[in-house]
Structure formats: C-alpha cells, structure tokens
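Let's walk through this structure together, one step at a time. Have the sequence and the 3D view ready as you read.

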Amino acid sequence: MLLRHTPSTTPERHALTINPAKTCQPVGAMYAALGIHNCMPHSHGSQGCCAYHRSALTRHYNDPIMSGTSSFSEGASVFGGQANLLEAFTNIFTLYSPDIVAVNTTCLSEVIGDDLTQIINKAYEEKKIPAGKIVIHANTPSFTGSHITGYANMAAAMVKYLAKKTADGGRQTDTINLIPSFIEPSDMAEIKHIAEEMEISYIMFPDTCGVVNSPLDGRFHLYPRGGCPKEKIEASGSSAATIAIGVLGAQPAAKLLDTKCKVPFETVEVPIGISATDRFIDTLRKIAGASVPSSIRIERGQLVDAISDMCQYTYGKKVSLVGDPDILVPLVEFLNDLGMKVQHVLTGTSTNKYKFEERIKNICGENVKILAGLGKDMYLFHQLLQADKPDLFFGNTYCKYIARDMDIPLLRIGFPIYDRLGHSYQPIAGYRGGMNLLIRILNTLMDRIDRDANEEEFELIM
Amino acid sequence: MSETIKLDPTGEQFRDDIVKAYSPKLSKKRKKQIIINQIGDCDTVPEILANTRTAPGILTMRGCAYAGCKGVVLGPTRDILQITHGPIGCSFYSWLTRRNKTKPRTAEAANYMPYAMSTDLQEDEIVFGGEKKLMAAIDEAVAIFHPKAIGIFATCPVGLIGDDVHAVARAAEEKYPDVNIFGFSCEGYKGVSQSAGHHIANNKVFTDVVGQLDQKKEGRFVLNVLGEYNIGGDAFEIERIAEGCGLTIHSTFSGNSEYDEFASAQNADLNVVMCHRSINYLAEMMEKKYGIPWFKVNFISANATAKSFRKIAQHFEDSELIERTEAFIAKELEKVEKVRSEVYARCKGKKAMLFVGGSRAHHYQDVLREIGVETIAAGYEFAHRDDYEGRKVLPNIIVDADSRNIEELTVTADETQYHLRLPVGEIERRKANGFAYEDYDGMMPEMPNGTLVIDDCNHHELEALIDYYKPDIVCAGIKEKYVVQKRGIPMKQLHSYDYMGPFAGFRGAINFYKEIDRLLNCNVFRFTKAPWDESPELTATYVSGT
C-alpha cells in the first residue's frame, strides 16, 4: 500500500494536518495575476515561495509561469522588505517591462509587517515605477484562508487599484463584468463563449485564457496573448452590472466593485452541470436583457439528450469529492442531477462566507457527510472512503494514491493536476463542459464495468 | 583538458552585451558571475562569484533553505516522520514533488513519504506562538504513526515569531524517549538559496542521527553513498551495480534510505560523495569524528560510473573485489556501447546548455559528451566556488554575512567511535600517488576553454544565451522547461528528469542516451512553424469571378 499508515480510524487530530486539502494564499494570487494582460506577478517574500508557486502552476499547466520575487535574505526579514521591493521594481521594469506588476505578500512579509501601500507609494515618488506603469498588491498571508482566498484577494486588488468610477456616477455602458472564481482557462473560455453567443458585451477578469495554455509558435512570450487588458479592468467600473461566478473566489471583487464604483452585482455558482449553467445563463439573460440563442439551446439540449441516453450508468452510483468549495457545490449538484449518490464532500478551505453545508444538503439531502475548513485534510477523506467505499471519486492529483490503494476510479478535477492533460483545454463549465464531464464520468464507470464483468455478462453494446 | 571551443560571438561579447540591461551595481556583480572558462597551468581556472544573493525582481531559478533541507536532503528518507512547522504551503509544495523513489523492505515497514504533515499555523498562533500546536502535532503523530524518528522543519514565520523548534523537540523527546526527535532551523530566508538548507540538514543529521545506533551491515566492503537522492530510481541502479561488484552500501544519504541506516552510518568504512554541494559537510564531519575517508564519485555517465566503481575497488585494495568490479563493468559497458554508438551517430556535434543544481550541471556534461553533445554553457543554481573551481579554493572563499548565519560545527574525533580505516599515513601515501581523497576538482577544469560558466543564471540571461548561441538542447528545471520549449528547442529537466529515469549508472546512461536522442531528433519541433509561416505571401489558386 502506498498509504499504508491510514487505517480507517485513528485518534482525533487537532494540531497535525496530514495530506492537506488546500494550499496557501499566494499561489492563488499568482494565478489570478496571470489573468491580467502584460502583467508580471511578484511574490514579496523568500525566493522559495515564488519557486514553489511557479513550479506548482507550471506543473499544473505545462506552460511557463513567470513571477518575480523579492528574494528576502535574513537581513530583509529583520529590517523589512522595503529595500528589496524597491530594487525589485527597478529590475522588473528595466528587464521585463510589464504594464502592471501584481505583488502578493507571503507569510514572511506579513509577519514582519511590511506596509505594501506605503512601499508602492514610495516607489512612485522615487520614480522606481516608470510613468504609465502600475503596481497593484494583495495581502495574502498564508496563515489565513487558502489558495482560494489568495485568488479572491488578488481579484479584489484588481478592482481596488484599477477599476474607475464613471465621472457622473451613472452607468455608461451596457457591458457586464464577469468575474470568475479560481477555475481553469478552459472554463473561463467556455463562460466567454456563452456570453458571446448571447451577444453580450462583457469584461472578464481575471482571465487566464491564452496565458497558461498558450500555443507553441517558436517564440517565448513573456506576456502571452491572453489576459484581461488593464484598460478593461479600469472600465469595469463603468459597467452595467457584475456577475460574480463563485462565492468564495469571485464575490469579494464584485462586492468591492459595487462599493467603489456602484456597479451592482449578482453572485452565481460556477456554471458546472445543467442546473448551475441554467441559473448562470438565466441571470446573464435578465441582467443584460439578452435572449438565449438557438446555439446555446442546442448545446443544452444535446447535454440533456446525452444524459437521458446514458443515465442508467450513473444512477445510484456512490461518489465522494474533495476539492475547492466553488467547484464542489455545482459539481455535487450535477452529480445529483445525474442520479448519483453523493456521500462525502471535503474541502480544506474555510467556507464561513458560504452556506456550503446548507447548500449541499439542500441539493442532495441530509445523508451526505460534509467536512470543511481548518484541519479537514485528505487523510481524513481517505478514512471516510475506507468506511464507505464509493464507486467513483473526484479530487486533484494527490488522490491517485488513494485511488490505487483502494482501487476506486478517480476523476481529476481541481488544483493541482500534475499527471494528466486536459484541464487547460477541455472545460467542465457550461453545457459543453457538462458534456465533457459526463463523457469522462461515463467512460470511467463503463471501463470498470467492462473490466469487472464476468465473461457471460460482458456486453458489446452499452 | 585543453580542448577549446570558439563561441561565436565570443563569451566576452555575450557577457558585455548582456549586462548592459542591468543597473551599474548589478552589472558589476553579474560580470563576476559570468565567466569565460580558461584552464591554466595546474588546472587553474578563473575565479567565479558564487553563493551570493540574487537581486530582487530577477526571474531566478533558485528556491529557499527549507527546500534544500526538507525537500532535498531529508525528503527522500522514508521512515523519519517529517512535520513542517508553519502555514500550509511549504508542506504542500514539498509533498512528493521531487520524485524520490523508495522501496520499503516489507509491506508493513514504515513509509511516510506519501504523507505531507504540517502544523498549518493560523493567525492566532502566529500572534501567540505556535509551540503548543507543534507539541500537540507531535503527540498526534506519535499516537498515529509510532515513528522511530521525527524531524521538524521551521518555515519563515516560525523563525520570526521566535518559536524554538529545538526546545519543542527536546521536550517531546523527554516525553517519548523511544523516538528521536530533532528540529531544523531551515527558515526560507536563511542564506541565499537552497544551499543553506543543505548545510542545516547536514549539521542536524550529523549531531542527532549519525552515531545513535551501533550496527553494521554484513559485508567485507561497506560504504555509504552520500548525496544521492534516488530521483527517478538512480539509487536503485547504484545499488544494483554495487551489489554486482561485491560492495555493501550501508546507507545512502538519502535516497531509498531508512533511519537505522543513517543512525549507524558511522560504522561504514568509506564515504563516497555524489552531490558535492549538498552533502560535503557530512562527509567532512564524519571523517573528523569517525575517521571515515571520503572521496568524490560520479555515477552519471557510463565512463564516470566505471571510473567511480574502479576507484572504490582500488580504495579497498582487494584483488578479488577489483577483479569482480572489472568483470561487472566490462559486461555492462558492452551493453552500453551498443546503444551509445548508435545514438552517437545521430547526436554528435549538437550543442547543449546546462543550468541546474549544485552538481548536475557538471555531472551531466560527461554523459552528453559520450554521445557527442558538447556543453557550451553551464552553471549551477546554488553552488559555491569550490563546485566550480575545485576544493583547492576552499581556504580562499570569503564567508559573507549570509553564509555566516549558517552554523559551522566544530568537530573532533569521537573517543570511542573514531577509528582509522587505513594504516597511519596510508591516505597521504595514496594522495601523493595521485589517488585523491577529500577531493573535488569542480566543473570548470573539465570544461573546454572558451565555454561560458554562469552562476545563478536567470531568465534574462537564459533567453539571451539561446538567442546568441542557438543550442540544440537546454537542461534546467521545471520553471525553465516551457520557456525553452515554446521556442521550439527541446528541454530536458535535470531535477525531475521529466518523470523518467534512472539516469545514473550504466542502465541510466542507456536511458539518458536514448532520451537525448529522442529529444534531439523529435518530430514535434518540426511543427513549430506552420507551412504558411514559411511562405506567407498570398497567391490565389482558385478565385471566383475572375
């Protein structure tokens, strides 16, 4: 056994986290920052944070992930990181000329109390930031929240620094802001596809599409084609409304945009599966005053059709999930819609701001076991699975150890995925993403049926 | 080696051009880190500036002390339970990401490597101190896992708030006398790179682990292999060869290893050092305290492997061992040669660049050379001057403030456990005859004149190197991987091996030849440009209405 030290029960734990079901804020902030065009993310702390975050994102996307670091030494840790950050600005703008630098803090710079606003102001005063260039920052201490919080904080920082209120205080455009949670570029693309089919003018940020899944064309683009241009984030303050796509990852930015620029917002869950996509499109339709075109109706109808064709294979199947709240809720809903029996849902991310448990119980009843927040880890998840073995489970790459030990099929969804391709290109959002997801689920379950069937029960047609 | 490679443009030209983009201060510093190799009399090489801070804002390849300590040195061992004391990230990112393979002896034997353990410090613990939580975490770990040993790894905030991981370790050890519990002050801000973490790891393993257990593996020729981390199964291959030659590997620091092997490593009769940078401290200290002689080996490339095992056999001065080693090597080289000669024909004359590690940028030049691939530029990510210029420069290395913060242990001979492995004066006699001990000549004396040696190479310089010299292949780490490949140039990761391996030993050499052959002659990069990119002018073949 790979996880040979995970018996089905152990003494209760309060202090030791084993096999975390979350990671730290800055990696989420770095990912969000990549969603701005011509932006250099910058990690204000030790080199190791930046190296780890770049490595994690690079392995997840198989694409270059660039970010600067303040390269703290022991001296900087004692005397403060101001000198390092000022020097970093000079080097970054001289060598890499981004339009924007998006700084995230780390536990190190947070503990020593570096005041980023003050340092950035000083950098402007000392002309360390060239005219026309912008530095934004998000506080992302690793000792609170998770990678989802870090993403949300950087998305909010974009609003805080960039979004501009229109002069007369009124709405000037009929544009809708779409702020996605920590989701894959393929899902961002799918959401944009829906808005485009509906002929809705939109601004999406962060938008990592085309940044972390860029083409190989014989050149290295330090700033790939994708990402939301700075001007668009500025203009988001004049939009008619905002849709926050995801409670934890997106709502803080939308809320701030409302406070700062009086752009009203609605929060929807990430459109995964039929029900959540229906609600997203319905919200979009009403807010933008747009009608749903036949192309979208066809996509929806095809998904419903495929489910009706195949739901005998999903019906009653037991599933367990570990991941991030904004993805988990609509995913659970989709699985429930497929007739599956969701039995465990676990996340290491705190869901205080989200009626997470209530939402999931609403969807699939009281019998589902839900564990969320501090101390909830994959060790615990593995133990839950041992007590009640599912037919299929969802999680990130680290789940492959559980999958192998327990011989349960795993569908990789979440962060990080280090060992399979697909998440960059094939969405799980929208109706077309729902189709991808359905196909993956069916193929996985049906491969098992073929593998496990007795010879006399083996079927040609399924 | 007196070979010369003429770079066009010259290395001097490259260096002078490239530093123009930097501020005057940085430019001055980088000029000392970008060296054009020139081997003089007695293998003297130019001085290089190394183990110095990376300028903030520079896109660097480097990581931190925690990564060097927990990730590199301690990570590969399977039954020391490792708790990262700090917020969740550090533990998360060092969780199985270095591909250290391990093979527990039985299905029940302890193996904690697939487990990432952390105290996941929260804000109130940062404010009020995290020692209590650490102690509770140790209690829980002991109750669940019953480990022989626990290592505690400090992260940046832990050092700043003043949590004393060593005091907690001592208190925990009193509570659990059967468990060896020790802490590492490997906060990420220590030193200038991973290198500080290596040293911190070496020190603690030396003081708290080695010498704790008195046992010795059966065998006439018992040695420890230091600085081999079993990435991609390298240590498995080295174990296979050692067994084939009749050697007994007592412990490997730290690939495919166990606590008991570390704890009794003082009983081996020889230490061989693979990765000089990360483990030379331990070799030196064990020599002083226990009298174990050491020398540098290299198991990357067939020739280097053969040379290293021959040297080990010669050290023991046993004719049977020497014979058996020669026979084994001959058999292996025969298999290697079949592949090598075939691959050589397809790869010879290709140019490589290597920017990696503290030893790999040197070691892999040998294996590339075997298939005719020339290294025109190389450098380490976190090495010191001695790794470039050889240990002869050790007395002249100026210790700066960043290194001074890393404890240098004073070691004396152990009253009971020190004993000479060879008669008095024998080591000196052998040294005089050219059989080196406590040696490492470094990378530069083995590189052709005129090639570029670049310490702590950064993104700006790597891009320029590719523009200037158009290498056929680049070897570095994951962060550089796709930067290079987007340009249509194959890139080989030499930290993780791109999830392949082993690359050490004879079988490893065969694997590596084939892999470089595959990369250099790979179909995919032919598709970098589409047909219409080559001839973008438009001529309509079929046009309606004309």
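Which residue is the bridge partner of Thr17(A) in β3(B)? The partner is Ser118(B). Strand β1 of chain A (residues 17–18) and β3(B) run antiparallel and are joined by 2 bridges; two strands pair if DSSP finds at least two bridges between them.

A word on what you are viewing: this is a predicted model, in which local features need pLDDT of at least 70, side-chain atom pairs count only at pLDDT 80 or more, and totals for chains, interfaces and linings use all residues. Residues are numbered from 1 along each chain as its sequence is written, while chains are lettered from A and ligands numbered from 1 in the order in which they are written.

Now look at where the two chains touch. Chain B brings 65 residues to the contact and chain A brings 64 residues (two residues are in contact if their C-beta atoms, placed from the backbone, lie within 7 Å). On the side of chain B that touches chain A, the elements that each supply at least two residues include α3 (65–74), β3 (117–118) and α19 (459–469). The most comes from α6(B), with 8 residues.

Next, take chain B as a whole. You can find 22 helices and 14 strands in chain B (DSSP runs, with helices being H or I of at least four residues and strands E of at least two, numbered from the N terminus). Along its principal axes, the C-alpha trace of chain B spans about 95 × 65 × 50 Å.
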